[in-house]
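Biologist: Please show the structure, and then let us discuss it through questions and answers.

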Amino acid sequence: MDAIVKNFPQTNRESDRPSQQEAEEAVRVLLRWAGDDPTREGLLETPARVVKSYRELFSGYDMAPEDVLGRTFEEVAGYDDMVLVKDIPFYSHCEHHMVPIIGKAHVAYMPDGRVLGLSKIARVVEIYGRRLQTQETMTAQIARAIDDILNPRGVAVMIEAEHMCMAMRGVQKQGSNTLTTTFTGTFKTEPADQARFMSMVRSR
């Protein structure tokens, strides 16, 4: 599929962000709205814990793929075939309901003289996963970042995920997975490359 990638601001300026105290007060308001008492013993530290966990869960806003993908390697002894890192686990959050998206990503590229450290691919998945997301956007963002920075001959990204907004609320269909793909370059123009990527992802 071809997804539209919008250029959202990477981060809010620190001066624009609410303070720690304002964020904690917002959690207290939600606790009261839910029907509980934020002053009872079990909830006294909850606002601080929630704010701390949100800093970690949404840390992708403070990271840039350019910083991760900037270092490449050219001594590859002429290697020019597919590089695939599959089954990269990630935890994201739906931008519509702010509930978890749990899944795994499969990312491949065709090098054009330069390769990435393998851990860098997982880091890019982490950067975009640690933001409020739709799966379609995240799939396209990962492909775009690698394509723009590495300039390979092609990029392929597949994401498989379960959305808690479907499992915990609404239709409440547990166990249903959503699959999205984005292809660029040779993966988009050469059916054989795309088919090989799909086959390698499915092989165990």
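Modeller: A salt bridge is a side-chain nitrogen of Lys or Arg within 4 Å of a carboxyl oxygen of Asp or Glu. This is a predicted model, in which local features need pLDDT of at least 70, side-chain atom pairs count only at pLDDT 80 or more, and totals for chains, interfaces and linings use all residues. Residues are numbered from 1 along each chain as its sequence is written, and side-chain values use heavy atoms, with hydrogens and water left out.

Biologist: How many salt bridges does the rule give?

Modeller: One of them pairs Arg40 with Asp36, whose closest N and O atoms are 2.8 Å apart. Salt bridges that share partners also join Glu24, Glu25, Arg28 and Arg32 into one network. By this rule, the count is nine.

Biologist: In which helix do Glu25 and Arg28 both lie?

Modeller: Glu25 forms a salt bridge with Arg28, with 3.4 Å between the closest N and O atoms. Helices (H or I, at least four residues) and strands (E, at least two) are DSSP runs, numbered from the N terminus. The two residues are three residues apart, about one turn of the helix, and both lie in helix 1 (residues 20–34).

Biologist: Is Glu160 buried or exposed?

Modeller: Glu160 is found in strand 6 (residues 154–163). Buried means under 20% relative accessible area, exposed over 50%, and partly exposed in between (1.4 Å probe, protein chains only). Because its relative accessibility is 15%, Glu160 counts as buried.

Biologist: With which side chain does the side chain of Glu160 make a polar contact of 2.7 Å?

Modeller: A polar contact is a pair of N or O atoms within 3.5 Å; within protein, one must be able to donate a hydrogen and the other to accept it, and residues adjacent in sequence count only if both atoms are side-chain atoms. The polar contact at 2.7 Å is with the side chain of His106.
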